[in-house]
Amino acid sequence: MLIGHSTWIFENEPTILSTGVIGGPFEAQGKIANDFDILHEDLWMKQKSFEQAQQIMMEEAAQVAVKKANIQKEKVNFFISGDLINQITPTTFAAKTVDVPYFGIFSACATSVESLALSAMIIDAGGANYILSGTASHNATAERQFRYPTEYGGQKPPTAQWTVTGAGCALVAKSTKGSKGPVITSATIGKVVDMGLTDPFNMGGAMAPAAAETIIRHLQERNVEPTYYDLIITGDLGRIGREASYDLLKKYGIDINAKQYVDCGITIYKEDQPVQAGGSGSACSAVVTYGHYVKRMIQGQLNRILFVATGSLHSPMSVQQKNSIPCIAHAVSIEMRSES
């Protein structure tokens, strides 16, 4: 059901049945290492290229989610996913192995929530019983495409962020009588926001206005206060973007407790890891939310969260042509229901 201009309410309680979360060696040193299903010891993952390593992680995340749900893969109707790399090729190659009808999407680092929102909508409308929803990123693939190969050793400013090597996948299922688990209750679809910023080394600052715009619209269209949620979780704004978006929300009268407003790019790494402003990449929000925050919901520590993934929609070509950086943010609300 549509409420307001761009928010869906899901009346049939599409449920996150299980998740699969994969990480790399740097993530294994982070704050939430225990929340991953698989952690790799090297960036190559026994592959010939970093892009193939990213593909492997996406395959693993989907396979783990299906295995944990204890269903046959043949019961999965669709696989909705994407990534940051040209023509989302790592995800598309992974889709061959996953071997499920496939929607390839692109929303940069907002892909995790875009795929989750679309999965919930299809499930809610009766268009599927099971959908795999996820994304992946790899530090070395993103560095090579958007900045410099890691071998170059280029120096980064304090505003830069560290692309997460990982993959996160959620198996979204049709609610059945007696089923338990986190329920996707609503989604607010973001619109492109471009404030004229041009620095590709300050993604957090560029994405902050999009995050604030979507959060404000979600609260207004659902007619709820920020306190309705235990946590409002942004994707990968990092320290700079998190502070900028928090200030924007305050400016527009949205009173959020600072401890209630958290960011996946800050959550994933330890303070002494050299990540400048924090983590980023399309996998950042997926691995932190599916691995850490959804786990806390299942454990009874959280009841309601608003998951807001942010994406910077630039490309190497648009940066070279001196264009500004368009950004987007999508939001989904996830709530625990003891019985459906």
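Author: A nonpolar core is a set of buried Ala, Val, Leu, Ile, Met, Phe, Trp, Tyr and Cys residues joined through side-chain atoms within 4.5 Å. Keep that in mind as we look at this predicted model.

Reader: Happy to! Which residues touch the most other members of the largest nonpolar core?

Author: Leu116 and Val332 do, in a core of 45 residues. Strand S3 (15-23), helix H3 (111-124) and strand S15 (327-337) are among the elements that give two or more residues to this core. Helix H8 gives the most, with 9 residues.

Reader: What does Val332 touch, leaving aside residues up to four places away in sequence?

Author: Contact means heavy atoms within 4.5 Å. By that cut-off, Val332 touches Val113, Leu116, Ala117, Ile184, Ser186, Ala187, Ile305, Leu306 and Phe307.

Reader: Which residues does the second, separate core include?

Author: Ala210, Ala211, Leu306 and Val308 are included in that core of 25 residues.

Reader: Now the whole chain: how many helices and strands are there?

Author: You will find 9 helices and 15 strands.

Reader: And why is the chain called as compact as a globular protein of that length?

Author: The globule rule gives 20 Å for 340 residues, and the radius of gyration is 18 Å, close to that value, so the chain is as compact as a globular protein of that length.

Reader: What percentage of the residues is buried?

Author: Buried means under 20% relative accessible area, and 60% of the 340 residues are buried.

Reader: How far apart are the mean positions of the positive and negative charges?

Author: They lie 3 Å apart, for 28 positive and 32 negative charges.

Notes:
Residues numbered from 1 in each chain as written. Predicted model: local features only at pLDDT ≥ 70, side-chain atom pairs only at ≥ 80, totals over all residues. Heavy atoms only, no water. Helix = DSSP H or I, 4+ residues; strand = E, 2+ residues; numbered from the N terminus. Rg over C-alpha atoms; globule rule 2.2 N^0.38 Å. Buried < 20%, exposed > 50% of the residue type's maximum accessible area, 1.4 Å probe, protein only. Lys, Arg positive; Asp, Glu negative; His and termini not counted. Charge placed at Lys NZ, Arg CZ, Asp CG, Glu CD.
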